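Q: Could you walk me through this chain? I would like the criteria spelled out as we go.

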Amino acid sequence: QVQLVESGGGLVQAVGSLRLSCAAYGSIYSINAMGWYRQAPGKRLALVAHMTNGGTTNYADSVKGRFTISRDNAKNTVDLQMNSLKPEDTAVYYCNALTVQGIRADDYWGQGTHVTVST
């Protein structure tokens, strides 16, 4: 079991910046990758950014060049630096951890943090 605790959401004006943080607890040795997803009002959950233990990253096209994901393996944290925010970035952001133990893979989710970007 992995528990994820997020922080850092809030209200920001367009072109502003926010930093989201997520700390993992529990069976952290089994974590293979961590990342961030978001769900905008009326839309489906979608990948924002993702980083494997080896450092390979994957970003949604809509955030490339504006958002940066980083991990601190010693602290078991994953951060998302969001710059040049747009109103369309408004969503609930969820931290995700993918664990792998043998042939079993599981996804764990944080409670979600709201990000609202005003015009």
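A: Two strands are said to pair if DSSP finds at least two bridges between them, and strands themselves are DSSP runs (E, at least two residues; helices are H or I, at least four), numbered from the N terminus. By that criterion strand 7 and strand 8 (residues 77–82) run antiparallel and are joined by six bridges. The model is a predicted one, in which local features need pLDDT of at least 70 and side-chain atom pairs count only at pLDDT 80 or more, while totals for chains, interfaces and linings use all residues. Residues are numbered from 1 along each chain as its sequence is written, and side-chain values use heavy atoms, with hydrogens and water left out.

Q: Which residue in strand 8 is the bridge partner of Ser70?
A: That partner is Asp79.

Q: What is the strand order in the open sheet of four strands?
A: The order is 1-3-8-7, and the pairing is antiparallel. Strand 1 (2–7) and strand 7 (67–72) are at the edges with a single partner strand each, so one side of each has no neighbour in the sheet. From one strand to the next the twist averages 15 degrees, where axes are lines fitted to C-alpha atoms and angles run from 0 to 180 degrees between N-to-C directions.

Q: How many helices and strands does the chain have?
A: The chain has zero helices and 11 strands. Its radius of gyration is 14 Å, close to the 14 Å from the globule rule for 119 residues, so the chain is as compact as a globular protein of that length. That radius is taken over C-alpha atoms, and the rule is 2.2 Å times the number of residues to the power 0.38.

Q: And what share of the chain is buried?
A: Buried residues are 42% of the 119, where buried means under 20% relative accessible area, exposed over 50% and partly exposed in between (1.4 Å probe, protein chains only).

Q: Switching to Arg38, is that residue buried or exposed?
A: Arg38, which lies in strand 4 (residues 31–39), is buried, with a relative accessible area of 13%.

Q: Which side chain makes a polar contact with that of Arg38?
A: The side chain of Asp89 does, at 3.0 Å; a polar contact is a pair of N or O atoms within 3.5 Å, and within protein one must be able to donate a hydrogen and the other to accept it, with residues adjacent in sequence counting only if both atoms are side-chain atoms. Leaving aside neighbours within four places in sequence, the contacts of Arg38 (heavy atoms within 4.5 Å) include Arg44, Phe67, Glu88 and Tyr93.
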